Each structure stands twice: as C-alpha cells, then as structure tokens.
Amino acid sequence: MAAVLIRPSPTQKSRLRLFVVRALVVSLFVTLFARLWYIQVLSGEGYQAQAVQQSVRELVVQPPRGLIVDDQGRPLVANRPSWVVSVDRTMLDKLDAVDQKKLLHRVARAVGEKYSQVKARTLVCGQPGATAGSCWNGSPYQPVPVATDVAQADAVRILERSEDYPGVLAQQQSVRAYPAPYGVNAAHLLGYLSPITKGELAEARKHHDTSVNGASVVGRAGVEQSYDKYLRGKPGYKRVTVDSMGRVLGDSGEVQATPGDTLVTSIDAHLQSVVEHQLAQTIRTARHTYDPVTHMNYKADSGSVVVMDARNGRIVAMASQPTYDPSVWVDGISSKQLKRLYSPKADNPLLFRATQGQYAPGSTWKPEMTVGAFNNGFGPSSRLDCSSGLQVGNRWFKNYESESYGMIDFAKALQVSCDTFFYRVGLSFWRKYGSDPSNVHAKDPLVHIAKEFGYGRKTDIDLPGEASGRIADRKWKLAYWKAMKGYYCKLDKENKGSAFMRLFSHEFCVDGYEYRAGDAVNFAIGQGDTMVTPLQLARAYAAISNGGTLYEPRVGRAIVSPTGRLIKNIRPKVQGHVKSKASAFRYVDNALLGTPKTGTLAWKFIGFPLDKVQVRGKTGSAEVQGKQSTSLVATYTKDYVVVMVVTQAGTGSGTSGPAVRKIWEALYGVHGEQVRPSTSVIPGTLLPSRLPVFAKDGSILPPATEPTKGGRR
C-alpha cells in the first residue's frame, strides 16, 4: 500500500511563521531586560562610580624649578610666584562660537588684556588662524595660559565666580626670576625656558621617554637646557570635580609636585659682573675710536670673554655681546621680541659668541705653532729673519706695520708678534713636506699640532650648540673646492663684481683645490680660512699653562637636592693630551712672560706687578676681508686663562688690553703695584674646592673660607 504525503495548508504555514516571530520577539525582549537588569542592578554601583569619575579632572601642578647658583651659593636664577589664568581647550571646544566669544571677552576684561590677544593665545600653533609668537606651542591637552602675572584680586575674582568662567583656571605658579647679583646678565650661560611642543611630546612617547611627562616648559639654551632633567622636578596632579560645563565644584585630592634640584655652577657672580662690564665698556670705547685703516670709527659689533680655570677647565666667567634680557621669555615672548633676537641687524643677540662665534685666531695662534715647530726640528737656538715683508710666489706678505727686527729667536718673535718670522716657519715645512700643492696627504707639522690642541673639533662643554671651528688644511680645501666650484665658475664666466672677486673667482674655478705656499704661510700666523671659537682658544692656552692637558670645559659643579643632599658631583673630564716635548711647553710659557713686560702688551701693563702676578700673554689682530680687524688677547697664569675677542675693533692690545688687565686686577686683588688677595672678587683668589652650605631653613651660605694660597702665579 503506497504512503500518502499530507502537505500543510497555507493557513497552517502562516500560523507556524507567526509563532516563530513571536518567540523571537519574546526572546529579544527577555535578553534586553536581562541586560538592563545586569547594568542597573548587578553592575549599577560600578557604572555609577565611573560616571562620578568622569566629572573628576586631573590638573597638572608644575613644581618649582630648581635654582641655579654660583660658586658662592648666590642665586643666578631663582623663582617667584605668579598668578596665571589658563583656559581648558577641551571645555572651550564644547561651547558654540557665540558662547566661546562671550567667555573669552569676559576673561580678557578680568585680566586686563585685549580680546584679540587672549583669543590668539588659545589657538594651538599650526591650526588655522594661529600666529607665531602668540599661539600655544605646547600640548593641546594642557590648559593654555592666556594671562600671566595677573593681579591676585583679579585671579581670586575668577575663582569665586567660577560659574561665569567655565573651563577657566586661576592658579599660582612658580616662574623664573633673575636676582642678578652684582648686576650680572649671563643670559647666554643661563639660557631660557619655553613650552614643550607637541612634536617633542610625540618624540618622547615614541622612545618611551617619561622624563617630560606633565612638563609644560623645558630648557632651551645654556645650563637650563643642559641640566633640564635635574632642574625640572616632577609635576604633581590635582584632581578637581567639575560639572558638565567644566565649572569647578571642589577638590578631590592632590599628588604633591617634587621641586627641581639646584645646580651649583663654577661661575663666580662677582667676577662675571666685572667681565660683562669690561666687555661692554671695551665695545663702547672702540665705537668712539678712529680706525686709521678704514678712516671711520670702529664698528665693534660683537665680542666675548672667557675666564677659565687653567688647572681643570672649569668656567669661572663667560660673557657675550650683544646680549639680551633673559626675563623676556618668562611671560611668553612676543613675535617682535623674538624677531629682534634672531635679527642680523641687531647682530644676532641669541648667538653665544664665546662658544658659537668663529674667528680667525690671528697672532694668538703663534704659541701653538711654536710648539709644533719645536717638535719638528726647530729649537731655542733657531733664529730667523723678522724682515718687513716676504715674497711668496707672486705675493708680498708684509709684517704687521712693516716693522723689521732682523734675526731673532722664537721668544722675541712671540713677544713682538713678528709675522714674517712665522711665515718662514710655515714656508720651510711646506717646502720640506708639501711642495706638491695637489697632494692632500702631505705631512704638515703645524696642522698636526693645531689638531693636537683641540682646534677643529668641539670642546664638549656642558652647553648646547657649540661650534667646532675649522682647520683649513689640504683636505678641507679640496672638499670646499668641490662644494663651491660650480658657484665660483659661474661667477668667473659672468665676469662680474669687484676686481678682487673677479680674480678670486677665476683662480678658484681653475685650481682652488691646490694648497699653495701662500696657504701655508697664512696658516702659520692664524690667517686664511682657519676659524676658532674663543672657548677653544682659552682651552688651548690652559693646556700650555698646565703642561698639555685638554679638559672638557664645565659650567656645572654639582647637583644638589632641595634639602641640600648632594646628588651628583660634576667633575672635570680630560678629553685628551697634547703630544709634545715638555721642553716646548716650558719654552713657550717662559717666552710669553715677556709679552706684558717688553712685548705687544707692555704699553697696557705699565705699573702692573708682573713679578707677583705672572701674567703671560699674546695679542692678535686678525684681518677679515671686507671688514675691520678683529681684536684678540689671550693671557694666562698658572691659575686662570683670560681671553677676549672683539670683532671689527682693531688691534688686540690697543682695544682689548685695558679690559684684560682690569679682569686680572679683579682676580688677584691688584691695586696699583700692590697685590692684596683679600680684596679679590673671588675669596681666596682661587675657586673654592668646597660647595656652598645648604642650611636646613633653605638658605644657601658660601663655602667655608679657605686659606689664601701665596706665591707667584
């Protein structure tokens, strides 16, 4: 019997489908209600806590930045309280354009600023409408300062009427202050602060660097930058409860900030003031002095002084002109002020001439050349002609002021600064080792000794942005020719410019890579393309003084905690040694004693007690194409080195000599022909070996007095 298939009717199919849909709807509702019960009942407390947490905002509390003090504990950089009004950009962005404008107008009236200025400060640099110098260059997630040094009454009014100022904060913060003991400036040494940028934050996170977490500003120059990680301290966090409009309802806890550490430097504020005053006075005097070469007054557009401890490379004082007021950075620098600091017309005040200025060393180069000559065949008995000039190829190289002293030794040549004597030294080595001008590998004892003295490379001082200088040897000349050949060959082809430039362009294009006899004689007297920094010059003379040790110069001496605990001693570090006969150093050291007595410095040291304070010295007047001569003086004792450089200011002794003498008088307590160490600007004459005393009440006392060291220096 066959099976019979019974098919459901259409009515039955519809009922089945309806049942399935109903079951699905019911299950969905059951699931939804179960989820709601779980969220509201079972997990309600947790979500409620999270909702409360969303109304708590963390504010970064910046710590007081560490002090910077001199060798006696005198503050060079300190802190002062300042009321700062900031706007929370997160809350500001929640307001519509009309309410934003009303709020910022209200803030501007409260702090006594223009609306346009307040508005400009709320814009993050890089976004549309932002103006360099006014926009916020820091993290977009931090409250943006729109007014600093606000009157306390105005700040309190904002705090009391928080409902009228949603998202606006008024806080007392610590900002940089410059006590200026003895009126010191020291802007280039100390440096300045500016907001940390988004790029820096991103870079720090990329390298998992947590040192900048919470930081609003960082050091940008000088020791503020070099020792930023110690000076910065550790930010704290303050939690405040806010409503939906960002109005502060109350505090809900705070993590205290950790103040920054104190940097003790080797700078002596009293001597620094003397150095700055003498440099400024020298420039003023030079600008009122007639230049017989150019028939106008000297321009004296810039200058620097370095005072270094010859025994260990510590920097005792260092000044640069033109300078600037470091306090201009405290409340946010204006675009006009920033433009001036970078302006060539203002002679680039931000440039630290002592470490970044590069100059031809002129005759201050000759002591190093003497050491090199003594290591390669010359000696105390060597005598050469100090003629009025010397013919080298097709050029006549004249002695300074065309003076002639006849046959003299190295000591006399150093003391009277005879150019033709050293021309002959350089020429003799060129003829012996390098008469093939295209041989870039030819031996050159004078180039070798210059590198031994550390020229052509950084000294590695603990300051940022140091220049390396330049030794214009054969390899450098070939590299420079390759880089500039196209430019000068084009000028040669166009045959334009002055007669000098037309001739120079033609010769450079044809064979500018060749190291000729003229290059060798120029190198021997510190002329030509060789460049040094005043700091390099000071360190080289310190090496002559101490027997050949090259130290990495240091401004910092120690890092001390806010409670006075020593964290780190910053000890002098040896970078290298000048490989030379000890007898060469002794000869040069003895010869340079004669410069202030009977040589080029003698007319500026009349009446100075040189038998008691044995100053050695060398003067220089470096010629610069198209400019007036650069004045250089390099001097030293067994304790200190004093170097002064003033551009477009004439002779070394004539322009810089008087100021250098004043600095030595201050260092040793010289009054007329009397030496009274007790009146030295540095107690005991020498830098203290001990650190300042950090008292429990927070005051800083000078180091314990040490016995004055007698004897001739």
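Contact is taken here to mean heavy atoms within 4.5 Å, and helices (H or I, at least four residues) and strands (E, at least two) are DSSP runs, numbered from the N terminus. The structure is a predicted model, in which local features need pLDDT of at least 70 and side-chain atom pairs count only at pLDDT 80 or more, while totals for chains, interfaces and linings use all residues. Residues are numbered from 1 along each chain as its sequence is written, and side-chain values use heavy atoms, with hydrogens and water left out.

An open sheet is formed by 5 strands in the order β14-β13-β25-β24-β23, with antiparallel pairing, two strands being counted as paired if DSSP finds at least two bridges between them. Because β14 (315-321) and β23 (616-622) stand at the edges with a single partner strand each, one side of each is left without a neighbour in the sheet. From one strand to the next, the twist averages 5°. Strand β23 is joined by 7 bridges to the antiparallel β24 (residues 630-636), and Lys618 stands opposite Ala634 in β24. Helix α21 (residues 534-546) lies across β13 (302-309), β14, β23, β24 and β25 (640-647), and runs at about 30° to β13, where axes are lines fitted to C-alpha atoms, for helices over the stretch in contact, and angles run from 0 to 180 degrees between N-to-C directions.

In helix α5 (residues 115-122), Val118, Ala120 and Thr122 are buried (under 20% relative accessible area, with exposed meaning over 50% and partly exposed in between; 1.4 Å probe, protein chains only). The buried residues of α5 pack against α3 (89-94), α4 (97-111) and β4 (144-147). Phe33, found in helix α1 (residues 10-42), is by contrast exposed, with a relative accessible area of 54%.
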